[in-house]
Amino acid sequence: MTQIDYLAVGHVSKDLAPDGPKLGGTVSFSGRLAQALGCHTAVLTSSGTDFSWQEQMAGIELCIVPSGQTTTFENVYTANGRIQTLHTQAVPLLPGHVPAAWQRAAIVHLAPIANEIDPAMIHLFSNSLVGLTPQGWMRQWDSNGRVWPAVWPAAPEILPLAAAVILSQEDLRDEAQLDMFRACTRLLVVTKGYNGCTIYFDDEIRHLPTRRAVEVNATGAGDIFATAFLVRLHQTRGNPWEAGRFANEVAARSVELPDIEAKLAGIQQLIREF
């Protein structure tokens with residue numbers, strides 16, 4: 001089998017919108033961007049027959065664990081912030097679901113959105129650059145599906161095993177949680193939207209500002225940032241500052257464009273100029 005350059009693991013999601021369901025989930029954005037960046041890309045996910053999305057991931061190797069339903073989110077934006085509801089959830093992703101050949105992927109991106117990945121999966125990838133976007137391990141939901149921040153008990157065990165951990169400032173509950181992540185992680189990246197990102201690497205801290213973009217559609221910008229960072233980190237043999245600068249530029253370009261096709265085309269043009 002052909003060597004996989006970029007393996008993304010996590011649920012695709014059916015995101016409910018007024019004009020119909022949309023393909024969401026970190027792996028849908030990260031998989032498409034990694035492909036656009038020239039990576040031979042694979043996605044391990046789970047979904048049901050209630051949502052057809054595979055054509056939107058053409059050219060990407062897919063391993064789909066069958067499920068009775070697809071993970072389905074609804075986001076309602078109010079003056080007081082976002083109200084997120086999880087309506088249905090596909091089956092969990094376990095270490096045994098990872099094809100043997102994919103366990104040697106150059107870059108592995110573990111990207112849960114609803115606590116669907118068994119954290120033990122990280123032990124499979126001893127020769128890979130493993131990146132985590134742990135947002136989905138930091139969520140809980142009530143009986144009505146209303147999503148809330150949660151404590152991630154496995155964090156102190158899992159974080160030290162990753163080459164890089166990337167999350168949004170909005171994912172952090174407080175400074176104490178940030179301190180815990182910093183203590184457990186050799187390379188931590190905290191994204192801050194229009195304010196760029198802050199990188200904690202060993203004992204060094206650098207804030208990398210980004211240019212002010214004219215926002216058209218910010219959907220997927222965090223996932224796009226994370227993928228760009230991991231690909232550049234691998235290309236530069238572990239230079240987090242160059243990876244952060246590149247990811248800032250790519251994410252800023254993405255928010256200026258209306259949909260995923262336009263975003264990918266714009267990012268590819270940016271790369272030619274970078």
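Which helices do the buried residues of α6 pack against?

## Basis of the model

This is a predicted model, in which local features need pLDDT of at least 70 and side-chain atom pairs count only at pLDDT 80 or more, while totals for chains, interfaces and linings use all residues. Residues are numbered from 1 along each chain as its sequence is written, and side-chain values use heavy atoms, with hydrogens and water left out.

## Helix α6

The buried residues of α6 pack against α1, α4 and α5, where helices are DSSP runs of H or I with at least four residues, strands are runs of E with at least two, and both are numbered from the N terminus. Buried in α6 are Lys263, Leu264, Gly266, Ile267 and Leu270, the term meaning under 20% relative accessible area with a 1.4 Å probe and protein chains only. Because they cover an arc of only 165 degrees around the axis, they lie on the same side of α6, the arc being that of the directions from the helix axis to the C-beta atoms.

At the start of α6, a side-chain oxygen of aspartate 259 comes to within 3.3 Å of the backbone nitrogen of glutamate 261.

## The largest nonpolar core

A nonpolar core is a set of buried Ala, Val, Leu, Ile, Met, Phe, Trp, Tyr and Cys residues joined through side-chain atoms within 4.5 Å. The largest one holds 44 residues, of which Ile199 and Phe229 touch the most other members, and its largest share, 8 residues, comes from α4.

Leaving aside neighbours within four places in sequence, phenylalanine 229 is in contact (heavy atoms within 4.5 Å) with residues including Ile166, Val189, Ile199 and Ala247.

Key:
Buried means under 20% relative accessible area, exposed over 50%, partly exposed in between (1.4 Å probe, protein chains only). A polar contact is a pair of N or O atoms within 3.5 Å; within protein, one must be able to donate a hydrogen and the other to accept it, and residues adjacent in sequence count only if both atoms are side-chain atoms.
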